[in-house]
Amino acid sequence: MKPFAYERPTTVEEAVALAADGGTYLAGGTNLVDHLRLGIREADRLVDLTRLPLDEITERADGGLVIGSGVRNSDLAAHPLVRTRFPFVTQALVAGASGQLRNMATTGGNLLQRTRCVYFQDPTTPCNKREPGSGCSAVEGFGRYNAILGASEDCVATHPSDLCVPLAALDTEVVVVGPSGERRIAFGDLHRLPGDRPDLDTTLDPGELVLAVEVPPLDFAVRSRYRKVRERASYAFALVSVAAALDVHDGTVRDVRLALGGVSHRPHRARIAEEALRGRPATPDQFRSAIEAELGAASPGEHNAFKVPLVRNTVVDVLTGLTEGSAA
Amino acid sequence: MAGHEVSVRLTVDGTARQVDLDPRVTVLDALRDELGVMSVKKGCDHGQCGACTVIVDGRRILSCLALAASYDGADVTTAAGLGTTDHLNPMQQAFADRDALQCGYCTPGQVCSAVAMLEEARAGMPSHVSPDVSDTTVDLTDAEVRERMSGNLCRCGAYVNIVRAIQDVAGQDVARAGGGAA
Ligand SMILES: Cc1cc2nc3c(=O)[nH]c(=O)nc-3n(C[C@H](O)[C@H](O)[C@H](O)COP(=O)(O)OP(=O)(O)OC[C@H]3O[C@@H](n4cnc5c(N)ncnc54)[C@H](O)[C@@H]3O)c2cc1C
Ligand code: SF4
Ligand code: FES
Ligand code: FES
């Protein structure tokens, strides 16, 4: 690990100033410390965010939530308003990592964690994300985890976060502050598709600090579900995952929110499927044709072709389960 | 400037310690290499095995991914701080009674993790196998124990007895809680 300086600001202003000239933010460290040690990332100065007053969850007047970027994953999962109003957020969190890691990992760090592509994490192999222009080892190599939607010839990596999938399904906003002030980013605009710049995961400017994630109210999210499909029962990243909230009235879909994990360089909001479902009968056949419309653009390779039927079947199963729950 | 040392204060198993460290040093390496605390183990050094689990301010964390500088002022408990050979912590005693180990390398991390895990369950923390995540009372089934302990690997595969040991202690807690309520 290359030597770095260490700073521990206590105010947001100080933190932004320290990062503006060449600093790297440190939150829980569960991703960054590993990457510094693996040598796939270097830092001149770490700006530790753990003493900033960003670890609160507050309720907005409209029933939405403001989640500080420093809130630990375990605290977010256990928060009474999160687990009752947005149960799929809690389900996503507890499906990720381990108890120890969730006690360390923060909301901001979870959003900004880097891909788990095996080549990205191995400095001896070409990777355009780690070393722009060096090539992509995953296109021809180990491809089980590759993206099926929105990939480019330069990068086929997926975003690894569980939490981000329900956050994409909700109309979440991300509040950030940087050298040129504060701004709000719609969740769907935070993460990028790789295009010809896979080195950029997000649309954040250098030195921008995530202050909070704001989740607007969504009444029918009390009936929501996160389903993660992985290669062992616990402590593994998703092959694919599905976050859904469903509002059914008299057998008809009044409203729906659907997002997919493990399929793209960013958490994927399934807007085509949502549109195809609103006002339609809440039946497995409709669910199937809606997700098939969404997956029409899928371009899987040889090793990840299984993801297309896996996503389809998981979505049908999750939505059907939510429908049965709402019959009562 | 890069390379400067930082002063770090830690309370380790009840004793206040201070040490000047390169900011790259983790809590794990600070404990073992700088402070001579060998009751914490290094397995993978990448957050994947749980051998380095310690309890910081009541919560279990992985000391291999924790930069010591960031934990300045923390109260750290390792397995040695939970109990001594003469006065074992109930969890340590249960691991011994149930033969919940073979080589013992993962055991300090397992014990720390288990002690803090029971606190989490008592506080109503949901898990991936909880039938309803909004329910704040946890029924600590074997499936719950396995899921909540999934961050602690055991290369010797002593899992069956580890679950039994933890259930022994969880059962004592339930008995105690029941007694208190009556
Ligand atoms: C063994 C293992 C298994 C895991 N399994 C899962 C899993 O199944 N599902 C899952 O979703 N995750 C999983 N994770 C990943 C884990 O969730 C992330 O490492 C964690 O969420 C990152 O949060 P952190 O606070 O530790 O971030 P850090 O490591 O501190 O930071 C990560 C990145 O975010 C930046 N950053 C952090 N906070 C801010 C901020 N407020 N503003 C701007 N930039 C910021 C940092 O500069 C850094 O680039 C796993 C990790 C490990 C080690
Ligand atoms: S998929 Fe992306 S992250 Fe993986 S090797 Fe290719 S360029 Fe690197
Ligand atoms: S040594 Fe820390 S998790 Fe393996
Ligand atoms: S007892 Fe040997 S690794 Fe667990």
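Student: Which residue of chain A forms a salt bridge with B:D45?

Tutor: This is a predicted model, where local features need pLDDT of at least 70, side-chain atom pairs count only at pLDDT 80 or more, and totals for chains, interfaces and linings use all residues, while side-chain values use heavy atoms, with hydrogens and water left out. Residues are numbered from 1 along each chain as its sequence is written, and chains are lettered from A and ligands numbered from 1 in the order in which they are written. A salt bridge here is a side-chain nitrogen of Lys or Arg within 4 Å of a carboxyl oxygen of Asp or Glu. The closest N and O atoms of this pair are 3.6 Å apart, and the partner of B:D45 is A:R37.

Student: Where do B:D45 and A:R37 lie, and what does the pair join?

Tutor: Helices (H or I, at least four residues) and strands (E, at least two) are DSSP runs, numbered from the N terminus. B:D45 lies in the loop between helix 1 (27-34) and strand 3 of chain B. A:R37 is in helix 2 of chain A, so the pair joins two chains.

Student: How many salt bridges does the rule find across the interface of chain A and chain B?

Tutor: Side chains of opposite charge can pair when their charged atoms come close. B:D72 and A:R8 make such a bridge, with their closest N and O atoms 2.9 Å apart. A search of the whole structure, over all chains, gives 35. Across the interface of chain A and chain B, the number is 3.

Student: And what area is buried between chain A and chain B?

Tutor: Contact means heavy atoms within 4.5 Å, and on that basis 42 residues of chain A meet 42 residues of chain B. Buried area is the accessible area (1.4 Å probe) that two parts lose on being put together, summed over both. Carbon and sulfur atoms give 54% of the area here, and the total is about 3300 Å².

Student: Which helix of chain A gives the most to the side that touches chain B?

Tutor: The interface holds 26 residue pairs in polar contact, both residues at pLDDT 80 or more; that term means N or O atoms within 3.5 Å, and within protein one must be able to donate a hydrogen and the other to accept it, with residues adjacent in sequence counting only if both atoms are side-chain atoms. Several elements of chain A each supply at least two residues to this side, including strand 1 (5-7), helix 2 (32-38) and helix 6 (99-104). With 5 residues, the top contributor is helix 6.

Student: How many residues on that side of chain A are charged?

Tutor: Ala, Val, Leu, Ile, Met, Phe, Trp, Tyr, Cys and Pro count as nonpolar, Asp, Glu, Lys and Arg as charged, and the others, Gly among them, as polar. The side of chain A that touches chain B has 18 nonpolar and 13 polar residues, and the charged ones number 11.

Student: Which residue of chain A has a side-chain N or O atom 2.6 Å from an oxygen of ligand 1?

Tutor: Ligand 1 lies between chains A and B, and 35 residues surround it, A:Y25 and A:D162 being among the closest (a heavy atom within 4 Å counts as near). Oxygen atoms of ligand 1 also come 2.8 Å from a polar backbone atom of A:A27 and 2.7 Å from one of A:L32. The side-chain one belongs to A:T30.

Student: Which residue forms a salt bridge with B:R60?

Tutor: Chain B has domain 1 (6-82) and domain 2 (90-181), with bounds from an automatic or database domain assignment, and their C-alpha centres are 22 Å apart. The two domains bury about 1300 Å² between them, 57% of it on carbon and sulfur atoms. Across their interface the rule finds 1 salt bridge. At 2.8 Å between the closest N and O atoms, B:R60 is paired with B:E120.

Student: How far apart in space are A:G141 and A:Y119?

Tutor: A:G141 is in the loop between helix 7 (107-112) and helix 8 (164-169) of chain A. Apart from neighbours within four places in sequence, A:G141 is in contact with A:Y119 and A:H303. A:G141 and A:Y119 are 22 residues apart in sequence, and their C-alpha to C-alpha distance is 9.1 Å.
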